[in-house]
Amino acid sequence: MSFFDNTEPTTGSMEMGGGDFEPIPANTQVLAYIEDAKIDEYEGVEKVKITWVVLQPEEFKDRKVFQNVKVFDEKAETAAKARKMLAAIDFNAGGKLLASGQAPDDMNLMAALSMKQMVLKLAVWDMNDKKGNWVTSVGAKGSSVPKAAPAPVVAPNAGVNPDDIPF
């Protein structure tokens, strides 16, 4: 018996469909877990690449969000900001990377971060006719991620008498 016994004859072409999802709306908070974390390279610069899988809300369940944490960036400010993000992720995952004090590698990234759940706040990027999500904030499971500072309260107009308002 062949593995392909019950397969219809093929013409040599096949389309699976799917894959053209709109990004998750900006400022959406999701519960997600880390499926993969590794050192990756793009244009000669190493970075930590994290693959998150969304658990909640249900409408986005199983969607993947890819995060590039540029902890090795040549620009000191970019690298420092990225290290803060990786430290926050690690802290919420138990702090093994922070405790080691060593630069991460594939093995210790997966050991420390794999399958850890966190709350993410997402934004949308739009570049070269492509769109996707990026992680703006992380928080511990069961919490909400840090929110932007509230808008300032505008003082009522001093020229309006509250008794003149009909409600």
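Q: What stands opposite Lys131 of E5?
A: That's Asp126. Keep in mind that this is a predicted model.

Q: OK, and how many bridges join E4 to E5, and which way do the two strands run?
A: There are 10 bridges between E4, residues 117-127, and E5, residues 130-140, and the strands run antiparallel.

Q: What about the turn of that hairpin, how many residues sit between the strands?
A: The hairpin of E4 and E5 has 2 residues between its strands.

Q: What comes in the segment after E5?
A: You'll find Lys141 there.

Q: Is Lys141 buried or exposed?
A: Exposed: the relative accessible area of Lys141 is 54%, and the cut-off for calling a residue exposed is over 50%.

Q: Which residues does Lys141 touch, leaving aside its neighbours within four places in sequence?
A: Lys141 is in contact with Leu31, Gln117, Met118 and Val119. With Gln117 there's a side-chain to side-chain polar contact of 3.0 Å.

Q: And how far is Lys141 from Asn92?
A: In space they're 8.0 Å apart, C-alpha to C-alpha, while in sequence 49 residues separate them.

Q: Switching to helices. Which residues of H3 are buried?
A: In H3, which covers residues 106-113, the buried ones are Leu109, Ala112 and Leu113. Looking down the helix axis, the buried residues of H3 fall within an arc of 80°, so they line one face.

Q: What do those buried residues pack against?
A: They pack against strands E1 (29-42) and E2, plus helices H1 (76-93) and H2 (96-100).

Q: Which exposed residues are on the face turned away from the buried side of H3?
A: Met107 and Ala111 are the exposed residues carried there.

Q: Which residue of E3 is the bridge partner of Thr51?
A: It's Phe66.

Q: Is Phe66 on the covered or the uncovered face of E3?
A: Phe66 is on the uncovered face, along with Lys64 and Asn68. The covered face of E3, which spans residues 64-69, has Val65, Gln67 and Val69.

Terms used: Residues are numbered from 1 along each chain as its sequence is written. This is a predicted model: local features need pLDDT of at least 70, side-chain atom pairs count only at pLDDT 80 or more; totals for chains, interfaces and linings use all residues. Side-chain values use heavy atoms; hydrogens and water are left out. Buried means under 20% relative accessible area, exposed over 50%, partly exposed in between (1.4 Å probe, protein chains only). Helices (H or I, at least four residues) and strands (E, at least two) are DSSP runs, numbered from the N terminus. Two strands pair if DSSP finds at least two bridges between them. The arc is that of the directions from the helix axis to the C-beta atoms. Contact means heavy atoms within 4.5 Å. A polar contact is a pair of N or O atoms within 3.5 Å; within protein, one must be able to donate a hydrogen and the other to accept it, and residues adjacent in sequence count only if both atoms are side-chain atoms.
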